[in-house]
Amino acid sequence: MTSNQMTEGNIAKQITLFAIPILISNLFQQLYNTVDVAIVGRYVGANALAAVGSCNLIVVFMIYFFIGISNGASVIISQSFGKNDKDKIHKSVHTIIALSLISGFLLMVLGLTFGGMFLRWINTPDNVLTFSITYIKIYFISMIPMMIFNMGSGILRAVGDSKTPLYYLAISGITNIILDIVFAVVFKLGVAGVAMATTIAQFVSSILILIKLIKTSEVYKLFINKIKIDFKILKEILLIGIPTGIQSVLVCFANTIVQSKVNIFGLNVMAGYTIYYKIEGFIYMPISAIALAVSNFVGQNVGASEFDRVKLGKNISMIICVSLTIIIGSIILFNASDIIRIFSKDLDVINEGSKFIYWIVPIYSIYAINEVLMGVMRGAGETFIPMIIGTICMCGLRILWLSVMISHYKDINIVYLSYPITWIVTNIFTIIYYSKGNWLSKNFRYE
């Protein structure tokens, strides 16, 4: 096939080299998202900053189901790559691109039609709502290119290429930053300018990924005239991707509940939470990168029946992920106020944002452990039971906690506590299922 196979060789080196471009890609993604927030906060105002924060959860909530589907597609391709099944890879690539066009169109229609309703549902204040609606309507124009880039990147990563998506995301990110400055600062277009910059950047990245897939001579080459749904492969993708997508959506739903409760406590808490959410991205990035790397690694090795490498890959990924989480978390904890000042000079906003950091960041390693285990199981094609665990423990428990406790105690500490409580409970059940469940193979006990 190609030199991107991960079914032989040094496991630590392969996972690390595969994860680094993903980590840098996440950094670029977080960087230009952070620039959006920083520019809005400094040059437009607190109302606009709160508006972008409210929109972020809505956007994530609506797109994550289809991103979950793309993860299912990546598993199918990575396992086929490990088996050297060229025909299935060919059919999968064209099915995935067709799916990205359909899902992108559906997301665009949903966002433009129901975006305002969702914003009102999460208690977005009237003085923020106008900004939020402007941002979300422009942003959702970019759904088709966003899906093409995400699913196209999934194809490349499934065959071991995590560098190309990084290069294209870097170009897109730089474009976004430049246009942020031009539209929001120079032309004074405010929230609309920031949304326009992000939308244009999404189109740039999608065009680049399509050119790569069309021009390559590798087995995953895309032929425009062959883009169509292969329903047998689509069924396999959906069986893996739908539980992943549902879990992602439900986690986002729980977070929208968090946002709605945060909004009760006023503008300063809303702005502080928005800033925390951006800072949190920098500790989440290595977790996401390692989880995605181990998922693709496991997919290829399960396809090649290299089960010993699956076990070793999990152990190495866990060590790397938890170590990075502790290091980055410590840096954020010890510099919380100074980091928040990058986004806002308001002392009340700084204080509220710091509280979120002090409550949540110290226990982030618990979340890291869960994500690695989920990544391993996802790479092996097991997503249903993890979805059930995540739905009940991460989402259901968080919603129940917030709904019951906030109704009795109007205290922001209740919101802070919702994260460690749900992470700990989810981790317990994930570890139990991972250790005891016969989820990989009837003939192979995974320890």
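Modeller: Partly exposed is the label for a relative accessible area between the two limits, buried being under 20% and exposed over 50%. Keep in mind that this is a predicted model.

Biologist: Why is Lys 355 called partly exposed?

Modeller: Lys 355 has a relative accessible area of 29%. Buried would need under 20% and exposed over 50%, so Lys 355 is partly exposed.

Biologist: What makes Glu 352 buried?

Modeller: Its relative accessible area is 14%, and the limit for buried is under 20%. Glu 352 therefore counts as buried.

Biologist: How do you know that Glu 352 forms a salt bridge with Lys 355?

Modeller: The closest N and O atoms are 3.9 Å apart, and the cut-off is within 4 Å. The pair therefore qualifies as a salt bridge. Glu 352 and Lys 355 are 3 residues apart in helix 12, so about one helical turn separates them.

Biologist: Why are helix 12 and helix 15 called roughly parallel?

Modeller: Helix 12 (residues 347–360) and helix 15 (residues 412–436) pack at an angle of about 25°. Angles under 35 degrees count as roughly parallel, so that is the term for this pair. Their axes are 9 Å apart, and the crossing is right-handed.

Biologist: Which residues of helix 12 meet helix 15?

Modeller: Glu 352, Lys 355, Phe 356, Trp 359 and Ile 360. Their partners in helix 15 include Tyr 416, Tyr 419 and Trp 423. The residues of this contact divide into 9 nonpolar, 1 polar and 2 charged.

Biologist: What makes Asp 338 exposed?

Modeller: Asp 338 has a relative accessible area of 52%, and exposed means over 50%, so the label applies.

Key: Residues are numbered from 1 along each chain as its sequence is written. This is a predicted model: local features need pLDDT of at least 70, side-chain atom pairs count only at pLDDT 80 or more; totals for chains, interfaces and linings use all residues. Side-chain values use heavy atoms; hydrogens and water are left out. Axes are lines fitted to C-alpha atoms, for helices over the stretch in contact, and angles run from 0 to 180 degrees between N-to-C directions. Helices (H or I, at least four residues) and strands (E, at least two) are DSSP runs, numbered from the N terminus. Angles under 35 degrees count as roughly parallel, over 145 as roughly antiparallel, 65 to 115 as roughly perpendicular and the rest as oblique. A crossing is left-handed if the near helix is turned anticlockwise from the far one by less than a right angle, and right-handed if clockwise. Contact means heavy atoms within 4.5 Å. Ala, Val, Leu, Ile, Met, Phe, Trp, Tyr, Cys and Pro count as nonpolar, Asp, Glu, Lys and Arg as charged, and the others, Gly among them, as polar. Buried means under 20% relative accessible area, exposed over 50%, partly exposed in between (1.4 Å probe, protein chains only). A salt bridge is a side-chain nitrogen of Lys or Arg within 4 Å of a carboxyl oxygen of Asp or Glu.
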